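This report walks through side-chain interactions and packing in one structure, moving from charged pairs to the nonpolar core and then to aromatic rings.

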Amino acid sequence: MRKVLINERLVEEQDAEVAYNDRGYNFGDGIYEYIRIYDGQLFTVREHFERLLRSATEIGLDLKYSIDDLIKLVKELAATNQVTNGGIYLQVTRGAAPRDHAFPTPPVEPVLTAFTRSYDRPFKSLQEGVSAVTTEDIRWLRCDIKSLNLLGNVLAKEYATKYNASEAIQHRDGTVTEGSSSNVYAVKDGTIYTHPTNNLILNGITRRVIQWICEDENIPFKEEAVSVDFLKQADEVFISSTSVEIMPIIKVDGEAINEEIVGKVTRQLQKGFEKYINSHSE
């Protein structure tokens, strides 16, 4: 039987419960991270938990855990569930309290939960590429916080699903921001273009790995917003996330990108990503 983490306890999945008045349930008042496991090792786990602590600070959530504390907890969870390849979802809410929009006074104890799942890497899609559709970005203006408020993302992903696409590429008045669960990139004349890391996008951990690879390989990387039209006319388009890694996009709104052939820059990044899996796992 699989176990889940509730605060610092591992409990049977069937026995896992949270309070009806938990603020994560009532308000989406919390934050989360998703960490990839390759061959039993946690990939870029420190970067993920650094971001978690930043998100906590941004919403005024006082966490008692250090990065090392969190790593110890999720390693035990992964080992208990014998996850070799897959991921760990971890979230922290402000805690359980009578329903009121304002923060509880005095503060209550935050609630940490986590669970694992096993799955293989998406090799076929990584090799062949996938399709995407574009949609208006209707989310709030603090997308840099990895919060539980994901309804806008959910609606965008559902829109993509209805059109048999793997991802919804969001835009604000024609300016590309990011995917429903990914960062988005366009390649033109060998240069990568992607939205700057401000309040309109999440600074993805895989995005950072891509920047490291670009530094290693001398690939020009510009944090510069592009239009939907620029994206559709690009030489290559790809997305990145913890789950999909560096995923080629070969169609946008039914229009072919590079004749539906995965480009050489994307392939170069995928090759570089393999090296980082080995050097940034623990």
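## Salt bridges

In this predicted model, aspartate 29 is buried, because its relative accessible area of 11% falls under the 20% cut-off. The side chain of aspartate 29 meets that of arginine 23 in a salt bridge with an N to O distance of 2.7 Å, and arginine 23 in turn counts as buried at 3% relative accessibility. By the rule applied here, the count comes to 23 salt bridges, and one network of such bridges links Arg36, Arg121, Glu245 and Glu274.

Lysine 188 forms a salt bridge with aspartate 235, where the closest N and O atoms are 3.8 Å apart. Because lysine 188 lies in strand S10 and aspartate 235 in the loop between helix H7 (228-232) and S13, this pair ties together parts that are 47 residues apart in sequence. Lysine 188 is partly exposed, with a relative accessible area of 29%, and aspartate 235 also counts as partly exposed, at 29% relative accessibility.

Arginine 207 forms a salt bridge with glutamate 223, and here the closest N and O atoms are 3.1 Å apart. Arginine 207 belongs to helix H6 (residues 205-217) and glutamate 223 to strand S12 (residues 221-223), so the pair ties together parts that are 16 residues apart in sequence. Arginine 207 is buried, with a relative accessible area of 0%, whereas glutamate 223 counts as partly exposed at 38%.

## A buried lysine without a salt bridge

Lysine 146, located in the loop between strand S7 (130-136) and helix H5 (151-162), is buried yet has no salt bridge. The nearest side chain of opposite charge is glutamate 33, at 5.2 Å, which means that this pair lies outside the 4 Å cut-off for a salt bridge. Not counting residues up to four places away in sequence, lysine 146 touches Gly30, Ile31, Tyr32, Glu33, Tyr34, Arg51, Ser55 and Leu202.

## The nonpolar core

The largest nonpolar core has 27 residues, and those with the most contacts inside it are Ile31, Phe49, Ile88 and Leu90. At least two residues of this core come from each of strand S3 (30-38), helix H2 (45-58), helix H3 (67-80), strand S5 (86-93) and strand S6 (111-118), and H3 gives the most, with seven residues. With neighbours up to four places away in sequence left out, isoleucine 31 touches a set of residues including Leu52, Ala56, Leu90, Val92 and Lys146.

Leucine 77 has its place in helix H3 and counts as buried at 0% relative accessibility. Leaving aside neighbours within four places in sequence, leucine 77 is in contact with Lys3, Val4, Leu5, Leu10, Ile88, Ala114, Phe115 and Thr116.

## Aromatic rings

A search of the whole structure finds eight aromatic pairs. The rings of tyrosine 159 and tyrosine 163 have centres 5.0 Å apart and planes at 55 degrees, so this pair is tilted; tyrosine 159 counts as partly exposed at 32% relative accessibility, while tyrosine 163 counts as exposed at 53%. The rings of tyrosine 185 and phenylalanine 238 have centres 4.5 Å apart and planes at 10 degrees, so that pair is stacked. Because tyrosine 185 lies in strand S10 (residues 183-188) and phenylalanine 238 in strand S13 (residues 236-241), the pair ties together parts that are 53 residues apart in sequence, and both residues are buried.

Ring pairs also link Tyr32, Tyr89 and Phe115 into a cluster. Elsewhere, the charged end of arginine 94 sits over the ring of phenylalanine 103, 3.6 Å from its centre.

Conventions
Residues are numbered from 1 along each chain as its sequence is written. This is a predicted model: local features need pLDDT of at least 70, side-chain atom pairs count only at pLDDT 80 or more; totals for chains, interfaces and linings use all residues. Side-chain values use heavy atoms; hydrogens and water are left out. Rings of Phe, Tyr and Trp (its six-membered ring) pair if their centres lie within 6.5 Å; planes under 30 degrees apart count as stacked, over 60 as edge-to-face and the rest as tilted. Buried means under 20% relative accessible area, exposed over 50%, partly exposed in between (1.4 Å probe, protein chains only). Helices (H or I, at least four residues) and strands (E, at least two) are DSSP runs, numbered from the N terminus. A charge sits over a ring if NZ of Lys or CZ of Arg is within 6 Å of the ring centre and within 35 degrees of the ring normal. A nonpolar core is a set of buried Ala, Val, Leu, Ile, Met, Phe, Trp, Tyr and Cys residues joined through side-chain atoms within 4.5 Å. Contact means heavy atoms within 4.5 Å. Lys and Arg count as positive and Asp and Glu as negative; His and the chain ends are not counted.
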